[in-house]
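Dear colleague,

Please find below the structure that I am handing over to you.

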Amino acid sequence: MSAEHIRDRKDEEIHEGDWVWTRFRGGVREGEVQRIVRDEEEARDEGVANPPKVVFTDQHGDRVAHNPTTLSKTSAENRGH
């Protein structure tokens with residue numbers, strides 16, 4: 001995976017501001033991408049491990065960081081899985 005182009009599980013490019021979701025513990029986590037962590041220096045700054053990571057605040061207000069390939073982008077019409 002190129003550090004320049006971060007892609008979701010459907011091979012769509014992810015950008016800050018996109019809405020993403022993933023299955024998590026029998027439910028779903030979703031939110032707007034706040035930051036894409038691409039390298040070790042950014043990972044240290046954000047307090048995450050093993051970049052690349054997509055950082056967002058989920059629907060419960062929790063800050064989460066997921067591997068891009070575990071996420072799917074969605075449109076505004078399809079939010080709330």
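The following paragraphs set out what was found in the structure.

Please bear in mind that this is a predicted model.

I begin with the overall architecture. The protein chain contains five strands and one helix. Read from the N terminus, these elements follow the order β-β-α-β-β-β.

Among the contacts in the protein chain with a separation of 6 or more, 44% are between residues 24 or more positions apart.

Across the whole structure, the search gave one cavity of 30 Å³ or more. The space in the largest cavity is about 30 Å³. Its lining is formed by Arg9, Trp21, Thr22, Arg23, Thr70, Leu71 and Ser72. Which element gives the most to this lining? It is strand S1, spanning residues 19-24, which provides three residues.

Finally, I turn to the aromatic side chains. A search for aromatic pairs over the whole structure returned zero. An interaction of another kind does involve a ring: Arg29 places its charged end over the ring of Phe24, at 3.9 Å from the ring centre. Phe24 falls within the range of strand S1, residues 19-24.

Yours sincerely

Note on methods
Residues are numbered from 1 along each chain as its sequence is written. This is a predicted model: local features need pLDDT of at least 70, side-chain atom pairs count only at pLDDT 80 or more; totals for chains, interfaces and linings use all residues. Side-chain values use heavy atoms; hydrogens and water are left out. Rings of Phe, Tyr and Trp (its six-membered ring) pair if their centres lie within 6.5 Å; planes under 30 degrees apart count as stacked, over 60 as edge-to-face and the rest as tilted. A charge sits over a ring if NZ of Lys or CZ of Arg is within 6 Å of the ring centre and within 35 degrees of the ring normal. Helices (H or I, at least four residues) and strands (E, at least two) are DSSP runs, numbered from the N terminus. Contact means heavy atoms within 4.5 Å. On a 1 Å grid over the protein atoms alone, a cavity is a set of points where a 1.4 Å probe fits but cannot get out, and a pocket is an open set with protein on both sides within 12 Å along at least five of seven lines; lining residues have an atom within 4 Å of a point. Grid points are joined across faces, edges and corners, and a volume is the space filled by probe spheres set on the points.
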